[in-house]
Protein chains: 2
Amino acid sequence: MLTFNDNKAGMGGLDKEKITKVIEENTSASYSSFSKKQQSRIDEKVAEIKNRIEKATREEKQKAENSMKNLEIKLEASRDLSRDCVCIDMDAYFAAVEMRDDPKLRTIPMAVGSSAMLSTSNYLARRFGVRAGMPGFISKKLCPELTLVPGNYPKYTKVSRQFSEIFMEYDGDVGMMSLDEAYIDLTEYVANRTEKRIFTRHRYGGDCPCWLPRVPEDEDIENLQFEDSECTKCSKNRRAYFDDVEFGVGREEVVREMRFRVEQLTGLTCSAGIAANFMLAKICSDFNKPNGQFVLENDRNVILEFLEKLPIRKVGGIGRVSEAHLQSMDIRTVGDMLLQKALFPLCFSPLAQESFLRTALGLPGRPSSSDPRRKSISVERTFSPTSDFQMLCDVHLEICQMLEEDIRKAGVIGGKTITLKLKLSSFDVLTRSLTPSDTVSSLEDIQKYSLELLEKEKGKEIRLLGVRLSQLVFEEEKKSKTITDFWNDAKQQKPLSSPEDADEIIMMDTRPCPICGADVENQLEILNRHVDECIQKMTDEESPELICISVETKKKVEKPVVFSKKRKIQEKKPAAKKVATIDSFWKKE
Amino acid sequence: MLTFNDNKAGMGGLDKEKITKVIEENTSASYSSFSKKQQSRIDEKVAEIKNRIEKATREEKQKAENSMKNLEIKLEASRDLSRDCVCIDMDAYFAAVEMRDDPKLRTIPMAVGSSAMLSTSNYLARRFGVRAGMPGFISKKLCPELTLVPGNYPKYTKVSRQFSEIFMEYDGDVGMMSLDEAYIDLTEYVANRTEKRIFTRHRYGGDCPCWLPRVPEDEDIENLQFEDSECTKCSKNRRAYFDDVEFGVGREEVVREMRFRVEQLTGLTCSAGIAANFMLAKICSDFNKPNGQFVLENDRNVILEFLEKLPIRKVGGIGRVSEAHLQSMDIRTVGDMLLQKALFPLCFSPLAQESFLRTALGLPGRPSSSDPRRKSISVERTFSPTSDFQMLCDVHLEICQMLEEDIRKAGVIGGKTITLKLKLSSFDVLTRSLTPSDTVSSLEDIQKYSLELLEKEKGKEIRLLGVRLSQLVFEEEKKSKTITDFWNDAKQQKPLSSPEDADEIIMMDTRPCPICGADVENQLEILNRHVDECIQKMTDEESPELICISVETKKKVEKPVVFSKKRKIQEKKPAAKKVATIDSFWKKE
DNA sequence: CATCAGATG
DNA sequence: TACTCATCTGATG
DNA sequence: ACGCAAAAC
DNA sequence: TACTGTTTTGCGT
Ligand SMILES: Nc1ncnc2c1ncn2[C@H]1C[C@H](O)[C@@H](COP(=O)(O)OP(=O)(O)OP(=O)(O)O)O1
Ligand SMILES: Nc1ncnc2c1ncn2[C@H]1C[C@H](O)[C@@H](COP(=O)(O)OP(=O)(O)OP(=O)(O)O)O1
Ligand SMILES: [Mg+2]
Ligand SMILES: [Mg+2]
Ligand SMILES: [Mg+2]
Ligand SMILES: [Mg+2]
């Protein structure tokens, strides 16, 4: 079966065969069983696709071809090659943060997560086949030396806030797709950028390994300015080297500049893709990972050539299943899609047809709901499978409490629909939802309605429960779009948690550390290590106590596994007005 | 996959689908992986078979058909319908013994074995799909209430000795195929039996549940003689009821008589098959299990009709693999074999062809080496997989020591070939053998040669080691056929362990208890419960301490699992002159 | 002679 | 806690 | 509106 | 020790 997928940066040239075997040999029987079920559904669909193509009449085929041709003309007409779109994606993000903060981790294969599930792995570990979404215990079979470190979502959130501010300087409308992924429309900035910029680069050497980036061993250090100090963390001496770096005016240079600034600020590297639209930029951002960037010329032919040999799986929105579907039509690369486009109407829904055709042509997904507000909010937890209803109720209550907390922190008043999610011990997932006449908002409501749903499922052996609120009602528009609620939150948060107050200062040449207020050189990059150090101190204190459902109820439901994003500190709130959340780049079948 | 097989008495009408699913869901990944490998070998062979049939030329097919026709004529000529062959097989043997000795077990699903492997299950458990050869932990999923009891091989051996003596009365040449399975040629006895026989039947009631058989609750007790006593085991009062039962002169009656006597003696039920040869008798013995018998008339047509719809898997020698092979030729029943016999030469070796044809005709397997002596002797143990050579050596030594002990007890002087068996952590099995110029006999020899072989396999991760000695050299023929060595053993054993001294008394009408010497009524059945009680006392004391390789060596190799036949008490010796071991009833591909 | 596969209880 | 053990036969090289 | 499947990080 | 958690989109009923 297709258990292992190497569609990820840093995972080229692995022995898929062998890795797949190890995975299969260590996959629990019940999970195998589940995978098999999944696979057979795919097989079914594949059979259907082949059948449809087989049985299609001349006319149908002709009609399909025409339909696609027309659509292509329409889409082609919409092609916009005038934009400079950038996708910046942090390298091995969670892992990189942990490596930054613990030098021991920098030279060994490691991953963030638990023996049950990894959030990501560093590039060393990827050489063993270890990757995000893989259970830790299996990864350990692939790579016995693998070190697992528990994740710290609040920390990653803070770091993300830090560097997203940089992007904001270049595009007031950056879209943060996730903590580590930013979509930046550079068109305007590039057009207006008429001069090169010069930055003082800070790099570190000496016995203290804490700060990044380091000066490469082989670099000639003689002519560099430096400054010695004692690390407040490891107490060893650190030497900071300074030199100037300059960035020109083109989009490539600007992207290099952003990446430079990110690294200066966070000590973390990222990769970038530059193209005529975000869909392409995203693909490009993976091309020279880690710590690289790739430009795709804004030229139709160049784009089509680039796509020609690109495996469809690299395209956002085409996952395991769509890949299989398309493969059954002899489509392996985006180029193949173009060749076979005439078959789409025979096999896929209109939306999927268009989506695939857009992909084939290198056009972005159809723009969708531009309301930046979230559409749902949910909490779910996995535990030892049980059908003991009392235990399930205990877990359920805790989940509702967490959800209610999140709702409050998210500035959500309530929602119209409540959904209960169940995962059976077989891994099959069910949802049960309910839309009462009046808006659900209190903990009591949430708990009452979802419990009602849960009670109807008595007797099932369950391994996960979740509760979701959707059709949300938000705090007054005005409020949510202003800064008032920000301050409400900010009171409870440490200074850094309110980075948005910096937005007026951004272009300035010096600024105060948002933590201790001290002034430092340069722009953002001045507070470079200073801020970093403050953050570390902060997050060290906060030590987030991984979110295990502490089920002390009875006996059986013992150990949930992976860390979730917070609990303990509030710092969620929607990324707010300035850094909008992106909702959709993907369209598919 | 075909993980579950219901080809066993008491397992009809189960939901194979569901059971298979539970099994698959609880099968460890590495074992699944192994099973898959196995299955694909079968698939390959199946493909080859189909191919051969496909590609056979007219001539080849004609030649094959002729060859089979000739063979059939030859075999048909050898048909012997004059014999009264009986196969008697104890019902759920190990389980029945445990149930007998612990009344609590009689009404619940239980199995003999460990959480790693079951030797057998009682009929209640079989309703859940729980059966011999199934790991206990999986059985528990199929039947959570299942009680596991560790086996006690010495006890089963003793009980087997007891009832095999009964069979000896009817056929001086009984073949004990295993502890629970006897092959009795009744021809002569039935011919000479001119009068019915009358036995006093002993059955038990009262508060003491210990003794079997009980008088059925619904039976009218009024007219029965009885005698009260206090059970020496449970101290409750027991009432023994007596009545007479008589058995006539035909073979059915005689078999009923034997079965009656076995139950009177041991408290255990058995089932029997009666037919013109042992191959058929064996099949018949399963037909009315448990506690039943089935006669197959000595008539060619009746036999062929009986076989017509008999699933091939019921035939001795046709297992999982052969079944699959034959099924690929559309052969599901023995009747199908006859229809398709012309294909055999295209697919199977000459021996297999003949074997299958014999089966199809209801003829017994070709008689083979009538040397009743064993051909090999071996010891093997499973442990936590390791590639630590020191640990493997430790285990290896223990195995050699056990083997040497067995060899001594078995009256074997030595052997020419020593074979090392390895099972890798993948479950693949390897053997490595060696035939030195001079006979291997001492522990040192065994250990030295097999270690030599083991050393060549260094680095492999191993889950089982075994050592076998073959091409055996025995103690002088005379000795092995006499009683001298028996006495040597008998000294160390408790009185009952030497039941062979009874062989001169067998046909007598009264006899002394071989344990305490006391005289009791009737023949063997007199000492009925008396002996039983003595046995129980004895075996209770002996409590055999399951044979775990106590690997205290280092750390990893911890827990072997199933019980083996003894260790701790010697009682093996070949079944000796009077009850010969059978070597082969099965011939196959 | 050596190795493996298949079978049985 | 975690897929046995002892034994035989037959095919293949 | 509901339930499910697919996808992303 | 044992296959995550949060969110979105789209299809079908
Ligand atoms: N399947 C997942 N489950 C939970 N968290 C995930 C999963 N995939 C990714 N994440 C988290 C951890 C990642 O560091 C972070 C960013 O994801 P992503 O950019 O895809 O990979 P990455 O940044 O770790 O490596 P890279 O981008 O270098 O390939 O999101
Ligand atoms: N696969 C096995 N592994 C180990 N021991 C076994 C295995 N199969 C059977 N035995 C042992 C335990 C059994 O009680 C004994 C006799 O086997 P067998 O006659 O086939 O079954 P059984 O006597 O338990 O039930 P029944 O004969 O009623 O079907 O041999
Ligand atoms: Mg990333
Ligand atoms: Mg990302
Ligand atoms: Mg039996
Ligand atoms: Mg038997």
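Student: How many salt bridges does the rule count over all chains?
Tutor: This is a predicted model, so the count rests on computed atom positions. A salt bridge here needs a side-chain nitrogen of Lys or Arg within 4 Å of a carboxyl oxygen of Asp or Glu. Over all chains, the count comes to 76.

Student: Which residue forms a salt bridge with A:Lys289, and where does that partner lie?
Tutor: The closest N and O atoms of A:Lys289 and A:Asp89 are 3.1 Å apart. A:Lys289 sits in the loop between helix 10 (278–285) and strand 11 (293–295) of chain A. The pair links distant parts of the chain, 200 residues apart. The partner is A:Asp89, in strand 1 (residues 85–90) of chain A.

Student: Where do A:Arg256 and A:Glu252 lie?
Tutor: These residues form a salt bridge, with the closest N and O atoms 3.9 Å apart. They are four residues apart, about one turn of the helix. Both lie in helix 9 (residues 251–266) of chain A.

Student: Are A:Arg256 and A:Glu252 buried, partly exposed or exposed?
Tutor: Buried means under 20%, exposed over 50%, and partly exposed lies in between. A:Arg256 has 36% relative accessibility. A:Glu252 has 38% relative accessibility. A:Arg256 counts as partly exposed, and A:Glu252 also counts as partly exposed.

Student: In chain B, what is the N to O distance between B:Arg373 and B:Asp371?
Tutor: The two side chains meet in a salt bridge. B:Arg373 is partly exposed, with a relative accessible area of 29%. B:Asp371 counts as partly exposed at 29% relative accessibility. The N to O distance is 2.9 Å.

Student: Which residues do salt bridges that share partners join into one network?
Tutor: A:Lys289 and A:Asp89 form a salt bridge. Both residues belong to the network. Its members are A:Asp89, A:Asp91, A:Glu181, A:Lys282 and A:Lys289.

Student: How many aromatic pairs does the structure hold over all chains?
Tutor: Rings pair if their centres lie within 6.5 Å. Over all chains, the structure holds 44.

Student: Are the rings of A:Phe94 and A:Tyr156 stacked, tilted or edge-to-face?
Tutor: Their centres are 4.2 Å apart and their planes stand at 15°. A:Phe94 is in helix 4 (residues 93–101) of chain A and A:Tyr156 in helix 7 (residues 153–170) of chain A, 62 residues apart. A:Phe94 counts as buried at 15% relative accessibility, and A:Tyr156 counts as buried at 0%. Planes under 30 degrees apart count as stacked, so the pair is stacked.

Student: Are the rings of B:Phe344 and B:Phe356 stacked, tilted or edge-to-face?
Tutor: Their centres are 5.6 Å apart. B:Phe344 lies in helix 14 (residues 344–347) of chain B and B:Phe356 in helix 15 (residues 350–361) of chain B. B:Phe344 counts as buried at 0% relative accessibility, and B:Phe356 is buried at 1%. The planes stand at 55°, so the pair is tilted.

Student: Which residues form one aromatic cluster?
Tutor: The stacked pair of A:Phe94 and A:Tyr156 belongs to the cluster. The members are A:Tyr93, A:Phe94, A:Tyr153, A:Tyr156, A:Phe163 and A:Phe167.

Student: What area do chain B and chain A bury between them?
Tutor: Eight residues of chain B are in contact with eight residues of chain A. B:Glu25, B:Ala29 and B:Ser33 supply 61% of the area that chain B buries against chain A. Of the area buried between the chains, 47% is on carbon and sulfur atoms. The total is about 600 Å².

Student: Which helix supplies the largest share of the side of chain B that touches chain A?
Tutor: Helix 1 (16–26) and helix 2 (29–55) of chain B each supply at least two residues. The largest share is four residues. It comes from helix 2 of chain B.

Key: Residues are numbered from 1 along each chain as its sequence is written. Chains are lettered from A and ligands numbered from 1 in the order in which they are written. This is a predicted model: local features need pLDDT of at least 70, side-chain atom pairs count only at pLDDT 80 or more; totals for chains, interfaces and linings use all residues. Side-chain values use heavy atoms; hydrogens and water are left out. Contact means heavy atoms within 4.5 Å. Buried area is the accessible area (1.4 Å probe) that two parts lose on being put together, summed over both. Rings of Phe, Tyr and Trp (its six-membered ring) pair if their centres lie within 6.5 Å; planes under 30 degrees apart count as stacked, over 60 as edge-to-face and the rest as tilted. Buried means under 20% relative accessible area, exposed over 50%, partly exposed in between (1.4 Å probe, protein chains only).
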